[in-house]
Amino acid sequence: MSGAARAGAPAATGWGGSVRRIVPLAWPLFIGQLAVLGFATVDTMLVARHSATDLAALAVGSAAYITVFIGLMGAVLAIGPIVGQLFGAQRLHEAGHQVWQAGWLALAMSLLGSALLAFPEPFLALAQASPAVADKVRGYLLALAAALPAALLFTVYRGFNNAVSRPKAVMALQLGGLALKVPLSWLLVAGSPGLGLPALGVVGCGIATALVMWAQLIVALWVMRRDSFYQRFDLAQAGHRAPHGPSLRALLKLGIPMGLTILVEVTGFSFMAIFISRLGETAVAGHQIAANLVSILFMMPLGLSNATSTLVAQRIGAGDLRDARRLGWHGLQLTLGVALVMGLAVFATREGVVRLYTGNAAVVAAALPLLAWVALFHAADAVQTLVAFVLRAWRIATVPMVIYVVALWGVGLGGGYWLAFASQTSTPAAWHGARGFWIASTTGLTLSALALTVLLVWVMSRQTSARTGTA
């Protein structure tokens, strides 16, 4: 069945029917996002075997890049809810117009982001990195500054395709990117005397990522020119191409709070690496392994959240608010159940999993206590992500941003800093150091999940009241 057909009329209405509609969209999103995370996983494994200094630089550099990229990406991804509603309403010409406007926005954002990556002194000051680590971080982020424009433009391609129920097109390119990334990173990190390539360590990871991102974007543009699916959106029409003030303002109105929300969410987690690096290379290396593992787990609820949000936005555009509400609640139940199973499975096998990353006994010992929080962390993270995505489908992003600031920055990051560094005489020793950040972050995620769910209930009740004429 075509994407347009799926947007036009729902199938079954029970929980099983919702699952059968969500899963076909979710699994390509999951595989694609897993491929994206594979970039970081491959880099972590290669660099962990290269040197502890390079691994520490990867942790700090990755935190800086993620902070910049995710914050800007969130604004660009406003194309998703907007195009989803237009697609559901079969306003395809207007949906195509949004591609060009989001592209202009991505280019403007990349100018700011690349400058921040090329001059990363604020991040290095926060991390209090040693001179050796700081030098490697600079080289790594300079390469990623070159990758950022391609990454943000590919985000437009990804957001548009997901919104029109075409996630397999994105997945194929993401898998292709990973297939290219693995040998490039291996050659550039470890070097190849036979090919005359020196061992670049963590800097090699950044160069490989830049090459892959530009290759991925070029193929994406070629696909959009050649695939007949995109003709219905009139992408080649001259009137679409110029920047359009009202359209850009609409993207920014939704995208700025979306971007800030995602920025708060990601920095609440990524800044943990920057602060934990003050505890030494072993502590931050252990955290990097735990963080990468949690990120792998997160790909499943992220895929389910994206799929649910896409369907909800399409049903809103089609005027079927009852089905939109039903899909949101069924998506939440499915996502929470899957997250609990995955989190408990990793908790039960945590020692073997950590040893897949490294044989360094000190790093293993630093990582294992952090994984004790994985099940709770992952379940809370899954719920808050799903609810936040559904709220974005309703074009609600400002209040979630405020909730995230309080819960993830205030409780999570602020509470973690206090437990790790400032509460040595008033809290148990097991809560200090890196574990303090994980305890506080789990608490903050739980609070955000509860608050966002209450907000979603309120939104649904208002929609019901408006529909029946009681408000």
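**Figure 1. A polar contact between the side chains of Asp-323 and Arg-21.** In this predicted model, the two side chains come to 2.6 Å in that contact. Asp-323 belongs to helix H13, which covers residues 321-348. The relative accessible area of Asp-323 is 0%, and buried means under 20%, so Asp-323 counts as buried.

**Figure 2. The stacked rings of Phe-275 and Phe-437.** The whole structure holds 12 aromatic pairs. In the pair of Phe-275 and Phe-437, the ring centres are 6.2 Å apart and the planes meet at 5 degrees. Planes under 30 degrees apart count as stacked, and therefore this pair is a stacked one. Phe-275 is part of helix H11 (residues 245-276), while Phe-437 is part of helix H18 (residues 434-468). The pair therefore ties together parts that lie 162 residues apart in sequence. Phe-275 and Phe-437 are both buried.

**Figure 3. The charged end of Arg-392 over the ring of Phe-389.** The distance from this charged end to the centre of the Phe-389 ring is 4.8 Å.

Note on methods
Residues are numbered from 1 along each chain as its sequence is written. This is a predicted model: local features need pLDDT of at least 70, side-chain atom pairs count only at pLDDT 80 or more; totals for chains, interfaces and linings use all residues. Side-chain values use heavy atoms; hydrogens and water are left out. Helices (H or I, at least four residues) and strands (E, at least two) are DSSP runs, numbered from the N terminus. Buried means under 20% relative accessible area, exposed over 50%, partly exposed in between (1.4 Å probe, protein chains only). A polar contact is a pair of N or O atoms within 3.5 Å; within protein, one must be able to donate a hydrogen and the other to accept it, and residues adjacent in sequence count only if both atoms are side-chain atoms. Rings of Phe, Tyr and Trp (its six-membered ring) pair if their centres lie within 6.5 Å; planes under 30 degrees apart count as stacked, over 60 as edge-to-face and the rest as tilted. A charge sits over a ring if NZ of Lys or CZ of Arg is within 6 Å of the ring centre and within 35 degrees of the ring normal.
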